[in-house]
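Hi,

Here is the structure I promised to pass on.

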Amino acid sequence: MSTRIFLLYFATWSLVALTPGPAVMCSMAQSTRYGFRSSLAGISGIQLGNFIFFVCVARGLGTLLAAATTLFTFLRFAGAIYLFYLGVRIILSTFRRPTSTAAKPAVSLPAQRGLFLQGLLIQITNPKALLFVSALLPQFIDAHRPALPQLVVLVLTTIMVDSIVLSSYAFLAQRGIQSFRASRLSIWLERAFGAALVFFGCRLMLSRK
């Protein structure tokens, strides 16, 4: 892979990562509810999902998914229902929790595992993301060179860029919630993230290949 191709992929994926989507909203929602450090567990789950996507592309499963209408529909509905569930749960939790200026308690290891699983499920149940990666990667693979080393470079670049961008979104979300902690604006900010997850769930439900 030439330096020009690598830089082009780096710029392309940076734009993709910066575009708000379910992963971004999940990271921001986790950060506002549990703190920035705890949200890193969810971001790690999302990156495992990205790695799984690359493995699927390498084994040709992305092409299989594009041709398998039933499988695509199943994953689309499963992902949409999960996004809807998370969004509604976040919104309902703000009605049960009074506004408080107290610091958030530390999140236990089992809870962090739950956040990790949330991030992983949000990523792998989004078939549109797998199809996008399947369509994008071949454009940056040099057919005259071994494919595996190029895929390794691309997956490491993807995980690095995605982690930095999602962590930045999560950090900004936590700073925002801290600024509004003494007012009801913090509650409305969390509700906005929950509503965004519901929106992405509905959009995924109504989407087509």
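**What I found**

From the N terminus on, the elements of the chain run α-α-α-α-α-α-α-α-α. That is 9 helices and 0 strands, where helices (H or I, at least four residues) and strands (E, at least two) are DSSP runs numbered from the N terminus. Before the details: this is a predicted model, in which local features need pLDDT of at least 70 and side-chain atom pairs count only at pLDDT 80 or more, while totals for chains, interfaces and linings use all residues. Residues are numbered from 1 along each chain as its sequence is written, and side-chain values use heavy atoms, with hydrogens and water left out.

Some totals to start with. Of the 209 residues of the chain, 45% count as buried; buried means under 20% relative accessible area, exposed means over 50%, and partly exposed is in between (1.4 Å probe, protein chains only). The accessible surface of the chain comes to about 11,000 Å², and 72% of that belongs to carbon and sulfur atoms. Those areas come from the Shrake-Rupley method with a 1.4 Å probe; for residues, only the protein chains shown count as cover. Taking contacts (heavy atoms within 4.5 Å) between residues at least 6 apart in sequence, 89% join residues at least 24 apart.

Now the inside. A nonpolar core here is a set of buried Ala, Val, Leu, Ile, Met, Phe, Trp, Tyr and Cys residues joined through side-chain atoms within 4.5 Å. The largest one has 22 residues, and Met25, Leu83, Ile122, Leu166, Phe193 and Leu197 touch the most other members. At least two residues of this core come from each of helix H2 (22-34), H3, helix H5 (69-96), helix H8 (147-179) and helix H9 (185-206). H2 gives the most, with 6 residues. If you leave aside neighbours within four places in sequence, Met25 is in contact with Pro20, Phe193, Ala196, Leu197 and Phe200. Apart from this core lies another, of 19 residues, among them Phe54, Leu137, Phe140 and Val161.

Helix H7 (residues 127-136) is largely enclosed by the rest of the structure, because 7 of its 10 residues are buried. Those are Pro127, Ala129, Leu130, Leu131, Val133, Ser134 and Leu136.

Next, the rings. Rings of Phe, Tyr and Trp (its six-membered ring) pair if their centres lie within 6.5 Å; planes under 30 degrees apart count as stacked, over 60 as edge-to-face and the rest as tilted. The count comes to 6 aromatic pairs. In one of them, Phe6 and Phe10 are tilted, at 6.4 Å centre to centre with 35° between the planes. Phe6 and Phe10 are 4 residues apart in helix H1 (residues 3-18), so about one helical turn separates them. Phe6 is partly exposed at 27% relative accessible area, and Phe10 is partly exposed at 32%. The pair of Tyr9 and Trp13 is stacked, because the ring centres are 6.3 Å apart and the planes are at 15°. Tyr9 and Trp13 also lie 4 residues apart in H1, and both are buried. Ring pairs link Tyr9, Trp13 and Phe140 into a cluster.

Leu48, Phe51, Ile52 and Val55 make a nonpolar surface patch of about 290 Å². Patches are made of residues with over 30% relative accessible area and no salt bridge, with like charges joined within 9 Å and nonpolar side chains (Val, Leu, Ile, Met, Phe, Trp, Tyr) within 5 Å; a salt bridge is a side-chain nitrogen of Lys or Arg within 4 Å of a carboxyl oxygen of Asp or Glu.

Cheers
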